[in-house]
Amino acid sequence: MSRQASAALPRRRTNTGSSRPRSTASRSTASRSTASRSIWHDLPVSIVPTDNLPGFADLGLAPSLVSALGRAGIETPFPIQAATIP
């Protein structure tokens with residue numbers, strides 16, 4: 001690309017070096033300290049045993065997908081996968 005053509009392109013903003021997001025002026029420390037509990041705090045938590053999880057083939061995945069997962073070293077699904085893959 002020529003210098004003339006590149007001069008017409010908009011310039012990218014450069015990183016200022018800070019990885020922290022900017023704080024917004026609308027947030028106050030008083031409102032954060034008096035915030036009520038979230039609905040997520042009241043959900044029940046269940047611990048699922050992971051000793052005998054089914055394999056991907058047992059879950060009914062296509063043989064080509066099971067083979068590709070095996071080549072990638074993925075042999076056993078996570079508990080959430082075992083619970084949600086039909």
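pLDDT is the predictor's confidence in each residue, on a scale from 0 to 100. You'll want that idea in hand here, since this is a predicted model. For this protein the mean pLDDT is 74, and 59% of the residues reach 70 or more.

**The overall picture**

Let's start with the layout. The protein has 4 helices and 0 strands, so reading from the N terminus you simply go α-α-α-α, given that helices and strands are DSSP runs numbered from that end.

How much of the chain is buried? Of the 86 residues, 6% are buried.

Now zoom in on the stretch between α2 (29–33) and α3 (63–71), the loop where you'll find Leu43. Leu43 teams up with Ile39 and Trp40 in a nonpolar patch on the surface, and together the three have about 400 Å² of accessible area. Is Leu43 itself buried, exposed or something in between? Its relative accessible area is 44%, so Leu43 counts as partly exposed, because that label covers values between 20% and 50%.

Charged side chains pair up too. The structure holds 1 salt bridge, and the partners are Arg37 and Asp42, with their closest N and O atoms 3.3 Å apart. Arg37 and Asp42 are both exposed.

**A look at Gln81**

Over in helix α4, which spans residues 79–84, have a look at Gln81. With a relative accessibility of 29%, Gln81 is partly exposed. Which residues does Gln81 touch, if you leave aside its neighbours within four places in sequence? The answer is Phe56 and Leu59. Leu59 is 22 residues away from Gln81 along the sequence, yet the two C-alpha atoms are 9.3 Å apart in space. The side chain of Gln81 also has a polar atom that lies 2.7 Å from the backbone nitrogen of Phe78.

Here are the distances from this tour side by side:

| Pair | What is compared | Distance |
|---|---|---|
| Arg37 and Asp42 | closest N and O atoms | 3.3 Å |
| Gln81 and Leu59 | C-alpha to C-alpha | 9.3 Å |
| Gln81 and Phe78 | side-chain polar atom to backbone nitrogen | 2.7 Å |

Notes: Residues are numbered from 1 along each chain as its sequence is written. This is a predicted model: local features need pLDDT of at least 70, side-chain atom pairs count only at pLDDT 80 or more; totals for chains, interfaces and linings use all residues. Side-chain values use heavy atoms; hydrogens and water are left out. Patches are made of residues with over 30% relative accessible area and no salt bridge: like charges are joined within 9 Å, nonpolar side chains (Val, Leu, Ile, Met, Phe, Trp, Tyr) within 5 Å. Accessible areas come from the Shrake-Rupley method with a 1.4 Å probe; for residues, only the protein chains shown count as cover. A salt bridge is a side-chain nitrogen of Lys or Arg within 4 Å of a carboxyl oxygen of Asp or Glu. Helices (H or I, at least four residues) and strands (E, at least two) are DSSP runs, numbered from the N terminus. Buried means under 20% relative accessible area, exposed over 50%, partly exposed in between (1.4 Å probe, protein chains only). Contact means heavy atoms within 4.5 Å. A polar contact is a pair of N or O atoms within 3.5 Å; within protein, one must be able to donate a hydrogen and the other to accept it, and residues adjacent in sequence count only if both atoms are side-chain atoms.
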